[in-house]
Amino acid sequence: MNIAIVGTGYVGLVSGACFADTGAQVTCVDVDAEKIERLQQGDIPIYEPGLEDLVLKNVRAGRLKFTTSLAEVLNDQQIVFSAVGTPPDEDGSADLTYVLQVAETIGKNLNKYMVVVTKSTVPVGTAQKVSETIQRELDKRGVDVKFDVASNPEFLKEGNAIKDFMSPDRVVVGVESDRAKKLLSRLYKPFMMNNFRVIFMDVPSAEMTKYAANSMLATRISFMNDIANLCELVGADVNMVRQGIGSDTRIGRKFLYPGCGYGGSCFPKDVKALIKTADQNGYSMEVLKAVERVNAHQKTILFEKLQNAFEGETLAGKTIAMWGLSFKPETDDMRESTALVMIDLLLKAGCQIRAYDPVAMDECRRRLGDAVHYCRDMYDCVLNADALLLLTEWKEFRLPSWEVVGKAMNRRLVIDGRNIFDHAELEEAEFEYHCIGKK
């Protein structure tokens, strides 16, 4: 099967490599000539465990190719996936500029039946706009070519994307014709040999499913952060509360971990977009608006704890060590990360920042330049620090030598934004320890 994937960002590149690994002939397309050249040379522009090996393997096998021209390869394909970016506009709505540009290119060059699939996260009604754009360009050319537009939202977790793609718990596909359904069933069959978990539905429902799923997960996170903050005030332990409610099978244990706020490329953007979609349709998503407010505040919670720890003192001139810059482990993605908020607050307070992250320091340098001091490892990071902030729960941070850390620091103060350290162990090592949801 021949497929093209437009957009070589996180979703497009992972999808292309995984489809190719099942035997499909995949052409990844991107207008960024520099990125395509890098990919052709085997230079992977994003960090995702296992992705580099998978891409190189399928390039060598001749199943995965890269180009800057969709028009040149379009009519060799049976399916075209649109996986271009949908950044938020200033009003929070999803910007469909790139999605509709892809549709326009398809309409200008399409000569045979094809299924056009929106894989990007797009608001309800986008597939209709894509279809209208393609048809308008076909009408301008005076040609009658049949096509279908489908929706196939992605549910990949950064840091675990390849496993998610290769062994999905479900694949959601919105279609409007049996012909498109048959073609997409064939494409996904290799991933579903033991249990066919493709859920077919109408296109608007598929578009809504992605936003609803991410918004539900964001809601669980903000709810637990709200509970955690109340626990601190009343003397409860949120970790005990989490275990107590998570054992209820109606609730479950996932996404009940409190912390210093969610970030990334999906949750913040998708919550905003769903709120905006509701506003445009005369409805107010009150729960999600509260989710946003809670999350915005939660990203400042470590700064508040730092201020409280230095009560009566100024933070100006203090050296603050930060473990973790990415919004979550196993990625270099810093979009909407708590680290960016914390760095801004600390710099405005006059602090010196020493930072370490296993993979995200180049990304931080690209964003912030030399605003912080980048350290060679986690122990170098705490040298002469007046406080240590844990922002990302990378595995290598979980069992540090507190003896080494304590000797390196000016003050033995640890503020744990992900609740990964043992309170008793820190107290025994004579550290002042603060976490989320426990007084």
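**View A. Gly 282, whose phi is positive, near 75°, follows helix H11.** This is a predicted model, in which local features need pLDDT of at least 70 and side-chain atom pairs count only at pLDDT 80 or more, while totals for chains, interfaces and linings use all residues. Numbering starts from 1 along each chain as its sequence is written, and side-chain values use heavy atoms, with hydrogens and water left out. Helices (H or I, at least four residues) and strands (E, at least two) are DSSP runs, numbered from the N terminus. H11 covers residues 267-280, and its 14 residues should span 20 Å at 1.5 Å a residue; the end C-alpha atoms are 20 Å apart, which agrees. The expected span is 1.5 Å times one less than the number of residues in the helix. Eleven of the 14 residues are buried, so H11 is largely enclosed by the rest of the structure. Buried means under 20% relative accessible area, exposed over 50%, and partly exposed in between, with a 1.4 Å probe and protein chains only. The buried positions include Phe 267, Val 271, Leu 274 and Ile 275, and also Lys 269, Asp 270 and Lys 276. The buried residues of H11 pack against helix H9 (203-234) and helix H12 (286-298); contact means heavy atoms within 4.5 Å.

View B. H1 is largely enclosed by the rest of the structure, because eleven of its twelve residues are buried. Among them are Tyr 10, Leu 13, Val 14, Cys 18 and Phe 19. Just after H1, Gly 23 takes a positive phi of about 110°.

**View C. The structure holds zero disulfides.** Cys 18 is in no disulfide, and the nearest cysteine sulfur, that of Cys 28, is 11 Å away. Cys 28 is likewise in no disulfide, with the sulfur of Cys 18 the nearest, 11 Å away. The criterion for a disulfide is a pair of cysteine sulfur atoms within 2.5 Å. Cys 18 is buried, with a relative accessible area of 0%, and Cys 28 is buried with a relative accessible area of 0%.

**View D. Six strands form an open sheet in the order S11-S10-S9-S12-S13-S14, with parallel pairing.** Strand S11 (373-374) and strand S14 (432-434) stand at the edges with a single partner strand each, so one side of each is left without a neighbour in the sheet. Two strands pair if DSSP finds at least two bridges between them. Strand S12 (residues 387-390) pairs with strand S13 (residues 413-416) in the parallel sense over three bridges. Val 414 in S13 is the bridge partner of Leu 388. Helix H14 (residues 338-348) packs on the sheet, touching strand S9 (319-323), strand S10 (352-356) and S12, and its direction makes about 175° with that of S9. For such angles, axes are lines fitted to C-alpha atoms, for helices over the stretch in contact, and the angles run from 0 to 180 degrees between N-to-C directions.

**View E. Both faces of strand S12 are covered.** Ala 387 and Leu 389 on one side, and Leu 388 and Leu 390 on the other, are all buried. S9 and S12 run parallel and are joined by four bridges. Met 322 stands opposite Leu 389 in S12, and Leu 390 stands opposite Asp 416 in S13.

**View F. The largest nonpolar core has 58 residues.** A nonpolar core is a set of buried Ala, Val, Leu, Ile, Met, Phe, Trp, Tyr and Cys residues joined through side-chain atoms within 4.5 Å. Leu 306, Met 322, Trp 323, Leu 325, Leu 346 and Trp 402 touch the most other members. Helix H13 (residues 301-309) gives the most to this core, with five residues. A second, separate core of 43 residues includes Tyr 10, Val 26, Leu 39 and Val 175. Leaving out residues up to four places away in sequence, Met 322 touches residues including Ile 343, Leu 346, Ile 353, Tyr 356, Cys 381 and Leu 391.

**View G. Phe 147 lies in strand S6 (residues 147-151).** Phe 147 is buried, with a relative accessible area of 14%. Not counting residues up to four places away in sequence, Phe 147 touches Leu 110, Tyr 113, Met 114, Ser 131, Ile 134, Gln 135 and Leu 138. Phe 147 and Gln 135 are twelve residues apart in sequence and 9.0 Å apart in space, C-alpha to C-alpha.
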